[in-house]
Structure formats: C-alpha cells, structure tokens
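Welcome! Take a look at it first, and then we will go through a few points together.

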Amino acid sequence: AISLVLIAAIQVMVALIPGEFVEIAAGYVFGSWIGSLLCLLGIVLGSCLTILLVRKFGSRLVYAFYPKEKIDSLPIINDPTKRNLLTFLLFVIPGTPKDLFTYAIGLTDMSIPLYILLTTAARFPSVVLSTLSGNAVGTRDYKMAIVFVVVTAFVSATGVLIYNIFSKMHAEKKRSELKTDSTS
C-alpha cells in the first residue's frame, strides 16, 4: 500500500507515468475503494511536494520541465479572480495536463489546503472510474472492465477536446489583446 502511494506521488511529480495506469493497477490490486483512497493519498502527497518544491526553487524548476511560454499562457496563472473555478474545472476534465497545472499553481499564491480541496474533489470521479476498471479486471468481470475503459476513453477524449478548444480560445483572446495594446 505504501509503495502504491509513493508511485502515485512520483507520478504527479515526474509526469512520465500516466496516472490512469497507476489507478487501474490500484483497483486491480486493492479493489475500487481502497485503491481510490491510496491513489488520492499519493496524488495529495505528490501535489504538496511539487508545490513546495516550486515555491522553494521558483520558476527555474518549473521551466526545467515546461516551456516558459506554456506556463505563462495558463489562465490559472494570469487570472487570480477566476483561479479557483478554473483549477476545479481543469482538474475535473479527464485528459488535461494536471501535472503541468500543479507546477503552475506553485508559482501562484493559492494556498495548498485550498488547492488540495479543489483538486481532490475534481479528481475523485476519474480516479474511482479508473480503479473500478482495474477491480473489474481483477474480479474477471471483463464486460464491466470494457464498459469502464470505453467510458473512461470517451470522457478523456472529450476532456482533451474541451481543453484544446479552451486553450485555443484563450490564445486567441490573448493575441487580440496584444494587438489592441500595440495599436493604442
């Protein structure tokens, strides 16, 4: 159980391991609810450590993993008035780059407890769905496993599409603001 929590934490910090694979494995090994709890504990641990490291080492740490332009274009960085809602929405949509957002939040003044509350509530449905998939495979209920995987894939693809549309709209808005500012 401890190793699963640590793997989930590392997955948040390093971002090379897809979280869904960890969650499916957790469901397979520990069942849906215990697997979900262990994954969420690891995600909270990894998120806290990431934010604390970013706050200690600053933007240089973030830019080592992500290009400056990408970080600077994130609305959760640039719009503190909408940050809480955007954070929740970006984390509730499967397929968005949550690890990137975690690093970006470290550059803001958002409190860690608020961040954990918002993102854990937002991630909960996706984590449970993934662990249900793993549990269905573990109990040899392959029909349900396929249903969960198809639903997860559909929701994730929809989430990626929504995120891409949102990102393009934000980039267009920023470009038009820059044009307006340069002509003034």
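Which residues in H1 meet which residues in H2? Leu4, Ile7, Ala8 and Gln11 are the ones in H1, and they meet Gly19, Val22, Ala26 and Phe30 in H2. Please keep in mind that this is a predicted model.

**How the two helices pack**

- Helix H1 covers residues 2-14 and helix H2 covers residues 19-30; their axes come within 10 Å and cross at roughly 170 degrees.
- Angles over 145 degrees count as roughly antiparallel, so H1 is roughly antiparallel to H2.
- Sorted by type, the residues of the contact of H1 with H2 are six nonpolar, two polar and no charged.

**Aromatic rings**

- The model has four aromatic pairs.
- One of these joins Tyr66 and Tyr103 in an edge-to-face arrangement, with 5.6 Å centre to centre and 65 degrees between the planes.
- Tyr66 lies in the loop between helix H4 (59-65) and helix H5 (68-72), while Tyr103 is in helix H8 (residues 98-105), so this pair ties together parts that are 37 residues apart in sequence.
- Both partners are tucked away: Tyr66 is buried, with a relative accessible area of 14%, and Tyr103 is buried too, at 5%.
- Phe65 joins in as well, as ring pairs link Phe65, Tyr66 and Tyr103 into a cluster.

**A charge over a ring**

- Look also at Lys56, whose charged end sits over the ring of Phe57, 5.6 Å from the ring's centre.

Notes:
Residues numbered from 1 in each chain as written. Predicted model: local features only at pLDDT ≥ 70, side-chain atom pairs only at ≥ 80, totals over all residues. Heavy atoms only, no water. Phe/Tyr/Trp six-rings, centres within 6.5 Å; stacked < 30°, edge-to-face > 60°. Helix = DSSP H or I, 4+ residues; strand = E, 2+ residues; numbered from the N terminus. Buried < 20%, exposed > 50% of the residue type's maximum accessible area, 1.4 Å probe, protein only. Lys NZ or Arg CZ within 6 Å of the ring centre and 35° of its normal. Axes fitted to C-alpha atoms, helices over the stretch in contact; angles between N-to-C directions. Parallel < 35°, antiparallel > 145°, perpendicular 65-115°, else oblique. Contact = heavy atoms within 4.5 Å. Nonpolar A, V, L, I, M, F, W, Y, C, P; charged D, E, K, R; others polar.
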